[in-house]
Amino acid sequence: INNDANYDIPIFFERKYAEDKLKESLKQKDTLLKEVHHRVKNNLQVVSSLLNLQKDTLHDDGLREMFNSSIMRVNTMAYIHEMIYGNRDLSSINIEKYFGKLLRSLSQFYGSEDQNIELELSMDVGNLFFYPDTVIPLGLILNEIASNSYKHAFKNGGKFYLDLSEDDGVYTLIVGDNGQGIEKESEEETLGISLIEILCDQIDAEMEMNSSEGGLEYRITFKN
């Protein structure tokens, strides 16, 4: 009998027990985190529903528009928690799926299909995952740009487009439309642009905005 081997048996079982306890602890934490994201999503949906109910009592079109903007901002964040809850990896989000879901929701919310507005998405970045700290500001930025386009850019149809590319770890997000551009910014549009600038600062992104008769385009560069 090898005495050294006999001596190692208790150590083996101690390590196995410790590994099993660690795996169980991590599984419990993942379950807890999923539940947190699920509850946050549900709470945000309740806020969205309350805003919607309040909006229906208003008769001023300007106030109703402000409530619509707030509803979509809340929904933008709720979609993120919904996607995290459905992921196996709780630390990242598939950016292509998220952008697609958000833009389709915005298109339905503002009735762009009835207005003959085409949605064009180009994301040549493969199966790309971003951290929530990056996705949340990006989602809110996209919400502001798309909302303003759907509400103000088009008279007789047109196109809203998004292009996401990567070069040596630097991502470029181009978002815009072929509408009428900005002749004179409304108070709402000024607020939207200010919010976009604040959100860009949160992720150390650089933003350029170009407006012309051919439309309005934003170019945002950032790192994940």
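**Reading the sheet**

Guide: β6 and strand β7 (residues 215–222) pair in the antiparallel sense, over 7 bridges. Helices (H or I, at least four residues) and strands (E, at least two) are DSSP runs, numbered from the N terminus, and two strands pair if DSSP finds at least two bridges between them. The model is predicted: local features need pLDDT of at least 70, side-chain atom pairs count only at pLDDT 80 or more, and totals for chains, interfaces and linings use all residues. Residues are numbered from 1 along each chain as its sequence is written, and side-chain values use heavy atoms, with hydrogens and water left out.

Visitor: Which residue is the bridge partner of E206 in β7?

Guide: Strands of a sheet pair through backbone hydrogen bonds, either parallel or antiparallel. Here, the bridge partner of E206 is T221.

Visitor: What is the order of the strands in the open sheet?

Guide: The order of the 5 strands is β2-β4-β5-β7-β6, and the pairing is mixed.

Visitor: Is D168 buried or exposed?

Guide: D168 is exposed, with a relative accessible area of 74%. Buried means under 20% relative accessible area, exposed over 50%, and partly exposed in between (1.4 Å probe, protein chains only).
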